[in-house]
Each structure stands twice: as structure tokens, then as C-alpha cells.
Amino acid sequence: MGGHSDHDWLSAAAALGERGRPFSRPNPAVGAIIVRDGRVVGRGFTQIGGRPHAEAMALAQAGEAARGATLYVTLEPCAHQSERGPSCSSLVIASGLARVVVGCPDPDPRTAGIGMESLRAAGIQVDPTPSHAAQHSLAGYLTRARLGRPHVTLKLATSLDGCIALADGSSRWITGEASRAHVHVERARAEAILVGGGTLRADSPRLDVRLPGLEARSPERWVLTHAPAPEGWRAIADITAPDAFGDLQYLYVEGGAGAAATFLAADMVDRLMIYRAPIVIGGGKPCIADIGLATLDAAHGRWSHVSRGQLGSDTLDVYERRR
């Protein structure tokens with residue numbers, strides 16, 4: 001198909017699906033692309049509030065061109081009817097598609113395996129094709145299904161010697177303008193941002209998105225504290241409590257050291273984003289408090305380095321938790 005492999009098309013669908021994040025909540029941000037004779041005839045991603053689904057959007061765009069074509073979709077098409085619309089499996093069957101390539105099975109018991117089997121029963125070729133790109137784009141949905149909590153990203157902005165502030169607490173600014181802009185992009189991809197009570201009291205952070213055109217994507221503001229939350233904030237005292245985060249799929253933890261330690265000690269960090277400025281502070285405040293490790297052996301083998309980038313004079317390293 002035009003020289004592109006199934007994995008190529010699934011990666012494109014995954015990139016498309018991420019446009020639905022985070023406003024597809026409570027539904028996953030799915031991406032779908034319909035290809036006929038090497039040409040894209042339909043594309044879609046989960047819309048605000050979860051409807052229309054990606055497949056419905058792509059099929060509506062493709063129209064009659066979907067007949068005999070291939071659908072590339074990041075998540076198995078849903079199999080259950082809803083008051084908000086028909087199942088995607090039924091729409092696919094009615095469309096005349098010849099083939100469906102699925103990047104990730106749906107863990108939802110209402111669909112798990114049923115969606116693909118219903119398509120096969122209707123004579124459609126179904127090719128499950130495990131895709132890292134698809135799984136990555138659905139990380140929040142999959143983490144919630146598997147672990148009962150949101151996918152958690154911990155952001156740290158540090159000096160070369162691992163400090164987040166001077167000894168007196170001064171922290172503006174450790175990193176440069178390019179890093180701070182990148183953080184605002186990450187904020188726009190989260191449903192909620194969390195800081196510790198100490199950070200809230202010391203810095204009074206706005207935690208909004210201040211990039212032109214993305215201001216409306218500012219997430220909810222949460223604070224880790226036993227005290228009442230200020231107006232416009234939500235307090236959480238115990239991150240391990242059942243249903244502590246409601247239906248959140250993506251949580252962005254910005255600090256400080258105590259909040260970072262709380263999530264790491266509970267093994268509730270899935271991704272680490274470390275912005276490192278080319279400065280040495282010496283005697284400053286460490287980026288992470290004690291997380292209760294008894295031996296160095298317990299610290300090894302937990303993180304995989306997935307990317308490194310340059311942001312002005314700063315370096316960004318991204319790590320994912322091995323599970």
C-alpha cells in the first residue's frame with residue numbers, strides 16, 4: 001500500500017488519536033485511518049466527551065470509499081451498544097470494509113475480543129497487530145484498566161547536581177524558556193496537574209497553559225495535602241485510596257520534592273521527564289525526598305530511557321517505568 005507497512009499506518013493513526021487527548025475522557029483517545037489503494041480516504045479521532053468515536057468519524061468521512069478498504073485503528077472497535085450511539089463494530093460491518101488492522105485489544109470486558117470476533121463473523125479480515133505507538137497513545141486508558149488509576153508523569157526541572165531550588169527555596173528559573181514552553185505542552189496533554197501542599201504555599205503556582213492557542217486546554221489543579229483546597233483546586237490526601245483520582249486517565253505531577261517522593265514510594269510513576277539545566281547549585285534543595293529504599297539493588301532495573309532531546313541549553317531525558 002504505497003510502500004507503507006501496517007505498522008506505519010498504525011503509527012499514523014496513533015498520532016491522530018492523540019489529538020483527542022485529554023478531552024475524550026472518559027473514553028480513550030482512539031485514532032482511525034481508512035486506506036484504499038494506498039490512499040487515505042477517511043480519518044478520525046475520538047471527539048470531545050468521547051463521541052463520535054474515531055471509527056465513526058473516519059467512516060463518515062470515507063463514505064462509499066470505505067467499501068473494500070482497510071481500517072487501521074489503534075484500539076479494538078467497541079462491541080457494545082450505547083444510548084449515545086451504535087457500536088463501532090456494527091458500523092464497520094455495515095460499511096463494507098474488507099480488512100481491519102487493530103493496534104491494541106480493548107481491555108473493556110464489554111468489548112475484549114468480542115469486537116474482533118464480530119467482524120470476523122461478518123466476513124471481514126481482522127489482523128491484530130501489536131503496536132507500541134498505539135499502546136503509547138492509549139497509555140492513560142490502558143493504565144486505568146490495568147491498575148485502576150491514571151497514567152502518571154512526574155516532571156522534574158533540576159540543576160546538574162539534582163537541585164530544584166536554592167537553599168532558601170528560590171527556584172525561578174532553574175530551566176530556560178524553551179523547557180518551560182515544553183512543560184506547557186505537556187500540561188495541555190494532561191487532565192489534571194498535581195503539586196504538593198508545600199509547593200502551593202511557597203510558590204502559588206498558576207499551573208495553567210500559557211501557549212498561544214492552547215489556553216483553553218489548562219487542566220484541573222490538584223494539591224496533595226490534608227488541608228482544605230483553595231478555590232479552584234482539588235485536594236487529595238491519600239493517593240493510594242480506592243478511586244482517589246476518579247476517572248482521570250492522565251495526571252501530571254509537577255512537584256515538589258515531597259510529592260515526587262510520595263508517588264515514587266507508592267510506585268505510581270509511569271513516566272519520568274527530567275529537564276536538566278547546565279548549572280550547578282550546590283547545597284540546594286534536592287529534587288526528590290526520601291522514597292524509602294533500603295538497598296541500592298532495589299533502585300536498579302526499574303526505568304528504561306526512551307528519549308533525549310535538547311531544549312535550548314537544557315536537556316530533556318524521558319524514562320518509562322518497566323512493568
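In this predicted model, the C-alpha centres of domain 1 and domain 2 lie 33 Å apart. Domain 1 covers residues 6-143, and domain 2 covers residues 148-321. Where the two meet, 16 residues of domain 1 and 17 residues of domain 2 take part in the contact.

How much area do domain 1 and domain 2 bury between them? The value comes to about 1,500 Å², with 41% of it on carbon and sulfur atoms. On the side of domain 1, Arg21, Arg25 and Thr143 stand out: together they supply 48% of the area that this domain buries against domain 2, more than any other three residues.

Three salt bridges are counted between domain 1 and domain 2. Helix H5 (132-137) and helix H6 (139-147) each supply at least two residues of the side of domain 1 that touches domain 2. Of the elements on that side, H6 gives the most, with four residues.

A further point of interest is glutamate 55, which an unreviewed UniProt entry lists under "active site". Glutamate 55 is found in helix H2, which spans residues 54-62. Is this residue buried or exposed? Glutamate 55 counts as buried because its relative accessibility is 4%, under the 20% cut-off. Leaving aside residues up to four places away in sequence, glutamate 55 touches Ala32, Leu71, Val73, Leu75, Pro77, Cys78 and Cys88.

Methods: Residues are numbered from 1 along each chain as its sequence is written. This is a predicted model: local features need pLDDT of at least 70, side-chain atom pairs count only at pLDDT 80 or more; totals for chains, interfaces and linings use all residues. Side-chain values use heavy atoms; hydrogens and water are left out. UniProt positions are given in the numbering used here, feature names are shortened, and annotations may be inferred rather than shown by experiment. Buried means under 20% relative accessible area, exposed over 50%, partly exposed in between (1.4 Å probe, protein chains only). Contact means heavy atoms within 4.5 Å. Domain bounds come from an automatic or database domain assignment. Buried area is the accessible area (1.4 Å probe) that two parts lose on being put together, summed over both. A salt bridge is a side-chain nitrogen of Lys or Arg within 4 Å of a carboxyl oxygen of Asp or Glu.
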